[in-house]
Amino acid sequence: SFITQVFDVMGACSHVTFQILTKRPARAAAWPGPWTPNVWMGTSVENRSVLHRLDALRGCRAQIKFISFEPLLEALGPLNLQGYHWAIVGGESGPGYRPMDHAWARAIRDQCRTANVAFFFKQSAAFHTERGTLLEEADGTRQQIREYPDHAPITPLPALHSTVASTKTRIAKSLSPVQIALLESGEEDHV
C-alpha cells in the first residue's frame, strides 16, 4: 500500500525526524508499523469536542507521541497526558484568526510539567504567523518555552555528513557524465 511505501522511506531515512500529524488518530493507532524511532506521531486538539483524539492516539506504537494544541480555541480543562512525550501549543493565525487566551496555554503547560511532558509554545493568535512567540504569564511577564522530548533521537552532525556524502556518491554513480555536468552547471531541471 501507499502508506507502507511511505513508512519504508521514512525508516530508510533514519537521519531525518518525521513528525506526522493527524486528525484521525485511530488510523495511526491501528497501523502495525514498523514504527522506527525517527517517526513521531501526533494528533491535533483545538477544543474540547475533539479531546477523544488523545485516547485514540495513545494506543499508537510510535516511540514518540505528541499533541498539537493548534489552533487552541478554548480552555481544555484537565488532560490525560499519559503516554505522550511532547505538547505544542499555538494560536490561530491569518485573516479572521480567533483569539487565544494565554491562560489556556499556561494551563496546558502546567499539566505538562506535572506529567513530565515537554512543552513547546509556538505562537499567540495573530494575523501573521509566528508572531508573539512568548508565553505571557499571569503577572504580565513573558518567556519563550521551546522544549523537546528528552529521549528524542538526535543524529550527531559527523554521522549526518557521512550519510549525505554516501547518498551523493550513490546518486553520482547512477548518473551519466552529461547529467553530472548539468547538475554542476546548475541546469538540474534538465537532468
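Leaving aside neighbours within four places in sequence, which residues is isoleucine 20 in contact with?

**Entry 1: Isoleucine 20**

I note at the start that the model is predicted. I located isoleucine 20 in strand E1. With neighbours within four places in sequence left aside, I found isoleucine 20 in contact with Phe7, Met10, Val39, Trp40, Met41, Gly42 and Phe66. I then looked up one separation in space: isoleucine 20 and tryptophan 40 are 6.1 Å apart, C-alpha to C-alpha, and 20 residues apart in sequence. I recorded isoleucine 20 as partly exposed because its relative accessible area is 24%, and buried would require a value under 20%.

**Entry 2: The whole protein**

I counted 6 helices and 7 strands in the protein. Of the 191 residues, 36% are buried. I also looked up the contacts between residues at least 6 apart in sequence, and 58% of them join residues at least 24 apart.

**Entry 3: Strand E4**

How many residues of strand E4 are buried? I found 5 of its 5 residues buried, and E4 spans residues 86–90. In a regular strand, side chains alternate between the two faces of the sheet.

Strand E3, residues 64–69, runs parallel to E4 and is joined to it by 4 bridges. In this pairing, phenylalanine 66 has tryptophan 86 of E4 as its bridge partner. Strand E5, residues 118–123, also runs parallel to E4, and 5 bridges join the two. Here isoleucine 88 has phenylalanine 120 of E5 as its bridge partner. I followed the chain from E4 through helix H4, residues 102–115, to E5, and recorded this β-α-β crossover as right-handed.

**Entry 4: Histidine 102**

I found histidine 102 in helix H4. I classed histidine 102 as buried because its relative accessible area is 12%. Leaving aside neighbours within four places in sequence, I listed its contacts as Phe121, Ser124, Leu134, Leu135 and Glu136.

**Entry 5: Threonine 43**

Is threonine 43 buried or exposed? I classed threonine 43 as buried because its relative accessibility is 0%. I located threonine 43 in strand E2, residues 39–44. Not counting residues up to four places away in sequence, threonine 43 touches Leu21, Thr22, Lys23, Pro25, Arg53, Leu57, Phe66, Ile67, Ser68 and Tyr84.

**Entry 6: Aromatic pairs**

I counted 7 aromatic pairs. One of them joins phenylalanine 7 and tryptophan 31, which form a tilted pair at 5.1 Å centre to centre, with 40° between the planes. Phenylalanine 7 lies in helix H1, residues 2–12, and tryptophan 31 lies in the loop between helix H2 (25–30) and E2, so the pair ties together parts that are 24 residues apart in sequence. I found both phenylalanine 7 and tryptophan 31 buried.

I then looked up the pair of tryptophan 86 and tyrosine 148, which is tilted, at 5.5 Å centre to centre and 35° between the planes. Tryptophan 86 lies in strand E4 and tyrosine 148 in the loop between strand E7 (142–143) and helix H5 (157–174), so this pair ties together parts that are 62 residues apart in sequence. I recorded tryptophan 86 as buried because its relative accessibility is 3%. I recorded tyrosine 148 as partly exposed because its relative accessibility is 47%, and exposed would require a value over 50%. Both residues belong to one aromatic cluster, formed by Trp40, Phe66, Trp86, Phe120 and Tyr148.

**Entry 7: The largest pocket**

What is the volume of the largest pocket? I recorded about 300 Å³. The pocket is lined by 13 residues, of which Ile3, Phe7, Ile20, Arg27 and Ala28 are the closest to its centre. I noted H1, strand E1 (18–22) and H2 as the elements that give two or more residues to the lining. H1 gives the most, with 5 residues.

How values were computed. Residues are numbered from 1 along each chain as its sequence is written. This is a predicted model: local features need pLDDT of at least 70, side-chain atom pairs count only at pLDDT 80 or more; totals for chains, interfaces and linings use all residues. Side-chain values use heavy atoms; hydrogens and water are left out. Buried means under 20% relative accessible area, exposed over 50%, partly exposed in between (1.4 Å probe, protein chains only). Two strands pair if DSSP finds at least two bridges between them. A crossover is right-handed if, with the strands pointing away from the viewer, the path from the first strand over the helix to the second runs clockwise. Contact means heavy atoms within 4.5 Å. Rings of Phe, Tyr and Trp (its six-membered ring) pair if their centres lie within 6.5 Å; planes under 30 degrees apart count as stacked, over 60 as edge-to-face and the rest as tilted. On a 1 Å grid over the protein atoms alone, a cavity is a set of points where a 1.4 Å probe fits but cannot get out, and a pocket is an open set with protein on both sides within 12 Å along at least five of seven lines; lining residues have an atom within 4 Å of a point. Grid points are joined across faces, edges and corners, and a volume is the space filled by probe spheres set on the points.
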